[in-house]
Every structure is written in C-alpha cells, then in structure tokens.
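This briefing covers the structure shown below. The points are grouped by topic.

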Amino acid sequence: MKSQYILLATIAIIIILSFITYYNLSPIKNINPNLIGKNFEDQITYIYQNFGYNYISNYTIYFQNYTKYINYNFSFICISSYNLSIQKCTGNNINCCYYFNGYFVVNKSILKYCNENFILYNPPNWICFCYNVSNSDSYYINFFCI
Amino acid sequence: MRSWIILIELAFSIILLTFFFLYTYYSKSNNYNIYTFDPNNLIYLNTSCNNNLYIYEIINLTNSNITICYFGKQVNSTYIQNYEPIFEYLYAGQNYFDPYILIIFK
C-alpha cells in the first residue's frame with residue numbers, strides 16, 4: 001500500500017516537472033549573450049552605413065531597454081571622434097563615450113571589459129564600442145570599430 | 001512476493017517517466033536551433049504580412065504598435081498562443097530609422 005502511494009507521488013512529481021520544463025523554455029533561454037551582442041554590433045554598423053551616426057545614441061537607448069526587458073545585463077563604453085550625444089565618460093560611469101580630437105590612447109583601464117591596447121587617430125573618423133552582455137549563466141564581451 | 005512486484009513496478013515507472021521527462025526536455029531545446037536564422041535574410045519581414053513562410057510578431061518601438069503575421073495574414077495574439085518564440089532581434093529600421101523587435105514563432 002505504501003509503495004503505491006510513493007508510485008503515485010513520483011508520477012505526479014514527474015508530470016508536474018515535465019509541464020514546468022515544457023512551458024518554461026521561454027525565448028530568453030533560446031537567446032544567448034553572443035547573439036545579443038552580435039545584434040548590437042550589426043545594427044550599429046547598419047545604422048552608421050545607412051542612416052548616419054546621429055541615430056546611434058537613440059539605438060543604444062532602445063537596446064538597453066530591450067536587454068533589460070529580456071533579463072540581460074548590457075553595458076558599453078564607446079570611443080568616438082563624432083559627437084554621438086551619448087553621455088561623456090568620466091572614468092567611473094558606464095554606457096558612456098570618450099570623445100576625442102587628434103588622437104586617443106586605447107587601453108584596458110578605459111575600456112573596462114575589453115583588453116585592447118592601441119592608438120586611434122582622426123581622420124579617419126572612428127566610432128568604437130566595447131560592450132558586455134551577460135545573464136545569470138554566461139556572458140559575451142567584444143570590441144569593434146566602425 | 002506482492003511487495004516485490006510493487007517495487008519492480010515502481011522502479012519501471014520511474015525509469016519510464018524519467019525517459020519521458022528527458023525526451024521532452026531535450027527534444028524541445030534541440031528543435032529550436034536559433035543559429036539557423038540569419039538576421040540579414042529576415043530584415044524584409046514587415047508589418048504588411050506579405051511573407052507566408054513565417055509566423056512572426058513585430059513590435060514597433062517608436063509607436064508601440066504590435067503586428068502579428070500568421071503565414072501571410074494579419075491576426076490577433078490569440079492565434080499564436082500555442083507557438084513558441086524561436087528567434088528575436090532588435091532591428092534599427094529598414095529604409096529609415098524606425099527600431100522594431102522581430103520575434104519569429106514556431
């Protein structure tokens with residue numbers, strides 16, 4: 001008699017677990033930080049090539065809200081010879097830009113997440129981003145210039 | 001003797017149900033291989049629902065309009081309740097800056 005109760009309880013637990021797994025595979029689990037990072041990178045490049053640099057700051061705001069909505073952490077540091085109307089970096093803040101005229105020394109202490117080390121000169125004009133996407137399981141960091 | 005039969009029955013049920021559980025878990029995550037979608041090929045999906053290959057939702061971030069297209073026709077959200085999102089992307093816009101989120105369902 002006792003074993004039959006255990007059997008019923010086991011069946012019930014496994015059925016409940018199956019349902020939880022079935023309904024819990026939300027879009028967030030099917031997207032990873034790598035794909036979100038590539039989304040950001042590709043669209044920033046697309047905006048610059050097709051709509052102009054004026055729209056970049058707008059897109060970063062939308063992107064930050066979007067990543068927050070799907071439970072991801074997203075932050076970036078940018079270096080630009082254009083004025084992108086993203087707030088200026090002061091050394092402590094994130095989601096900000098370093099604006100430069102002439103030349104700029106890129107190193108890890110500035111980029112926070114990315115381990116890059118070189119000097120940018122303008123012209124040519126530069127927009128570079130170091131970004132970090134993470135969730136509770138994994139993270140993705142990358143540096144790119146357009 | 002009777003208790004032995006019950007114990008074997010119990011063990012067999014647990015094994016069977018565990019396999020069922022593992023099967024549903026893995027078959028589900030394997031079916032939705034997100035890498036099969038190339039964002040560059042999906043930029044042409046728009047709110048006019050003229051593509052009859054996909055079930056998709058477009059959330060326009062400028063005016064918060066939500067459009068759901070079900071194999072080429074515009075429908076309301078009740079049509080996609082039993083489908084699961086398999087791809088998500090935040091596009092900046094097609095011909096001009098007009099950010100929108102594309103979600104493809106399967």
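Helix α3 (residues 33-50) of chain A lies across β5 (127-134) and β6 of chain A, and its direction makes an angle of about 155 degrees with β5(A). The model is predicted.

**Sheet in chain A**

- Four strands of chain A form an open sheet in the order β2-β1-β5-β6, and their pairing is mixed.
- The edge positions belong to β2 (96-99) and β6 (139-145) of chain A; each has a single partner strand, so one side of each is left without a neighbour in the sheet.
- On average, neighbouring strands of this sheet are turned by 10 degrees against each other, direction ignored.
- Strand β1 (residues 73-80) of chain A pairs with β2(A) in the parallel sense, over four bridges.
- Within β2(A), the residue opposite I77(A) is C96(A).
- β1(A) and β5(A) run antiparallel and are joined by eight bridges.
- I79(A) has C128(A) as its bridge partner in β5(A).
- β1(A) is mostly covered, with six of its eight residues buried.

**Make-up of chain B**

- Chain B contains two helices and five strands, which follow one another along the sequence in the pattern α-α-β-β-β-β-β.
- The domain assignment divides chain B into domain 1 (1-31) and domain 2 (34-105).
- A distance of 39 Å separates the C-alpha centres of domain 1 of chain B and domain 2 of chain B.
- Chain B has 106 residues, of which 17% count as buried.
- Of the contacts in chain B between residues at least 6 apart in sequence, 42% join residues at least 24 apart.

**Contact between the chains**

- The contact between the chains involves 32 residues of chain B and 28 residues of chain A.
- On the side of chain B that touches chain A, α1 (2-31), β4 (85-91) and β5 (100-105) of chain B each supply at least two residues.
- The largest share of that side, 14 residues, comes from α1(B).
- By residue class, the side of chain B that touches chain A has 23 nonpolar, five polar and four charged residues.

**Nonpolar core**

- The largest nonpolar core has 38 residues, and those touching the most other members are Y59(A), C78(A), F129(A), C130(A), Y131(A) and L102(B).
- Elements of both chains each supply at least two residues of this core: α3, α4 (56-69), β1 and β5 of chain A, together with β2 (66-70), β4 and β5 of chain B.
- Not counting residues up to four places away in sequence, Y59(A) touches Q43(A), I44(A) and I47(A) in chain A, as well as A92(B) and P99(B) in chain B.

How values were computed:
Residues numbered from 1 in each chain as written. Chains lettered and ligands numbered in written order. Predicted model: local features only at pLDDT ≥ 70, side-chain atom pairs only at ≥ 80, totals over all residues. Domains from an automatic or database assignment. Pairing = 2+ DSSP bridges. Axes fitted to C-alpha atoms, helices over the stretch in contact; angles between N-to-C directions. Contact = placed C-beta atoms within 7 Å. Nonpolar A, V, L, I, M, F, W, Y, C, P; charged D, E, K, R; others polar. Buried ≥ 20, exposed ≤ 12 C-beta atoms within 10 Å, placed from the backbone. Core = buried A, V, L, I, M, F, W, Y, C linked by C-beta atoms within 7 Å.
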